[in-house]
Amino acid sequence: LRSVAAMSDAKETGDTNAHQNPPKGSLRQRAKKFIASKAAATKLGKKIMNNFLGTNGEKIVVSLTKAASKIHGEKDAKTYQTDLYKIATKFKIMVDEKKLDFEGTKHAEEPLNTLGVQVLDALSSKKVGKTSIDRLHANIGRIRAIVLELMRAHLQVKNYKKLEGLFDVFGNHKFLVFVLNDADYKQEKGELFENLSIVLKDQMELLERQRAQSKPKICSSYLCGNARVEASGPFPGSRLCAMHHRKRYMGRLENPKIQLFVSEAASSPYFIQYLTSLPAEDLKLHSSILQGSKPTSLFNFLRAVRVYERIDRSLREQRAKVIMRKYMTKGSPSQACIEEKILAKVKSDLDRSGGKDRPKNFTRRQSIAYTAPPRELFQVVINQVSGRLRPIFKEFLKSDFYKNYAETIRLPPAEEKIADKQEKTREEKEAKEAKEAKDEKKA
């Protein structure tokens, strides 16, 4: 990675010499590599290589050696350390001699960056799952193939086998499991992360950005610190945690009410689609209950009344007259066919709200508010219309339309288990707080 970064910098700064391949290895170059390889096994050679690798690079080599000694023994671990220095020395010479340049190695840059982020993510996690370790092992195998192909023409057979051996040791699945998850390797894991996060600064910044973007959002319920439920299959996700989502929506699955499927934006489209898709034969079966009204007209009437109940007082009289004209007038295309006595009562209540006895010093705005019809003006009509729609609503609950809606609010099985745990934790917390309050009161 350090070599690739150096070659990338050379390209960006316009150092054209960094991209020119010199003639193939001469006797002088081979002698240079031979002497460097022998020197890498000595204390002085290691000291020189540590200066090249930097303080953090040296600590990384030491941590890897310590980890390897716990699995393979100190003797083999020292051999691996020597091989690391030897291969690093040869890499340095090939970079200095322009045998490895940016053009020849740029295809390795993206996989190496990805591996760097992946390694840092694994080292910084308390425990790494089997799937994540399998992916990391597979990615190391991908890098192994790229690096071995790059070095094939530049290394003798024995050194090529040493490079293969280093990948087999430090990229081994067993080695990854021990370093990442075994408590005996906690110190080596921490040291590797501490030093790699400095050496791989760009990859560390990328990892932090990725984590910030994927950080779970908190449940919108008051004082709840649990994470929101993420989307899964037909379930679109929720602004609530699993526990609060289940508490809020369980009733809609166990005992659904017609009012929710009229007034709520998320559920009403499923009900209106069902009503518009009803064949003529089904409508005939309910003709005695509908009494000439269209199911869609009854639905739209209930929706209009819900809007009326929520608007400002000053607009109620105007909206009430619109509802009367559209849904409660004979001959209207959207007529809800309200009984005459109920219709007369609504008209009477609306006329009575004219408020001729209002104070004279009221402004026009105050007068409108004072004379506004009551919010419950259409309550009797709502009861009658809801009663007419109820048999059809029961049929709706057996339809695919309702099943499709239920899938959007029913928690996935995994989230149901999480909800159970959250509920249990909440109950334990409340019991503990109650006990502490009781003890405090006694004291």
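This section describes the helices, the nonpolar cores and several individual residues of a predicted model.

The chain folds into 23 helices and zero strands. Of its 443 residues, 39% are buried. Contacts between residues at least 6 apart in sequence were also examined, and 71% of them join residues at least 24 apart.

In soluble globular proteins, nonpolar side chains tend to be buried together. In this model, the largest nonpolar core has 47 residues. The residues with the most contacts inside this core are Leu-136, Met-151, Leu-163, Phe-170, Val-179 and Leu-180. Two or more residues each come from helix 3 (43-72), helix 4 (74-96), helix 6 (109-123), helix 7 (130-151), helix 8 (157-170), helix 9 (173-181), helix 10 (186-199) and helix 11 (201-214). Helix 7 gives the most to the core, with nine residues. A second, separate core has 40 residues, among them Tyr-249, Leu-278, Ala-336 and Ala-406.

Helix 7 also packs against helix 8. Their axes come within 11 Å and cross at roughly 170°. Angles over 145 degrees count as roughly antiparallel, and helix 7 and helix 8 are therefore roughly antiparallel to each other. On the side of helix 7, the contact involves Ile-140, Ile-143, Arg-144, Val-147, Leu-148 and Met-151. These residues meet Tyr-160, Leu-163, Glu-164, Phe-167 and Asp-168 in helix 8. Sorted by class, the contact has eight nonpolar, no polar and three charged residues.

Two residues of this contact can be followed further. Met-151 touches Tyr-160 and Leu-163, and also Phe-91, Met-94 and Leu-100, when residues up to four places away in sequence are not counted. Ile-143, in helix 7, counts as buried because its relative accessibility is 5%, under the limit of 20%. With residues up to four places away in sequence again left out, Ile-143 touches Pro-111, Leu-112, Leu-115 and Phe-167. The C-alpha atom of Ile-143 is separated by 7.8 Å from that of Ala-108, a residue 35 places away along the chain.

Thr-65 is found in helix 3. At 11% relative accessibility, Thr-65 counts as buried. Its side chain reaches the backbone oxygen of Val-61 at 2.7 Å. Thr-65 also touches Ala-77 and Gln-81, not counting residues up to four places away in sequence.

A further helix pair is formed by helix 17 (residues 295-310) and helix 18 (residues 313-327), which pack at an angle of about 175° with their axes 10 Å apart. Helix 17 and helix 18 are therefore roughly antiparallel to each other. Helix 17 contributes Ser-297, Asn-300, Phe-301, Ala-304, Val-305, Val-307 and Tyr-308 to the contact. From helix 18 come Arg-316, Arg-319, Ala-320, Ile-323 and Tyr-327. The residues of this contact divide into eight nonpolar, two polar and two charged.

Leu-389 has a relative accessibility of 0% and so counts as buried. The C-alpha atoms of Leu-389 and Pro-295 are separated by 6.9 Å, although the two residues are 94 residues apart along the chain.

Tyr-249, one of the residues in the second core, is in helix 12 (residues 242-254). With a relative accessible area of 17%, Tyr-249 is buried. Tyr-249 and Arg-410 are 161 residues apart along the chain, and their C-alpha atoms are separated by 7.9 Å.

Leu-223 lies in the loop between helix 11 and helix 12. Leu-223 is exposed, with a relative accessible area of 73%. Although Leu-223 is not a glycine, it has a positive phi of about 60°.

Methods. Residues are numbered from 1 along each chain as its sequence is written. This is a predicted model: local features need pLDDT of at least 70, side-chain atom pairs count only at pLDDT 80 or more; totals for chains, interfaces and linings use all residues. Side-chain values use heavy atoms; hydrogens and water are left out. Axes are lines fitted to C-alpha atoms, for helices over the stretch in contact, and angles run from 0 to 180 degrees between N-to-C directions. Helices (H or I, at least four residues) and strands (E, at least two) are DSSP runs, numbered from the N terminus. Angles under 35 degrees count as roughly parallel, over 145 as roughly antiparallel, 65 to 115 as roughly perpendicular and the rest as oblique. Contact means heavy atoms within 4.5 Å. Ala, Val, Leu, Ile, Met, Phe, Trp, Tyr, Cys and Pro count as nonpolar, Asp, Glu, Lys and Arg as charged, and the others, Gly among them, as polar. A nonpolar core is a set of buried Ala, Val, Leu, Ile, Met, Phe, Trp, Tyr and Cys residues joined through side-chain atoms within 4.5 Å. Buried means under 20% relative accessible area, exposed over 50%, partly exposed in between (1.4 Å probe, protein chains only). A polar contact is a pair of N or O atoms within 3.5 Å; within protein, one must be able to donate a hydrogen and the other to accept it, and residues adjacent in sequence count only if both atoms are side-chain atoms.
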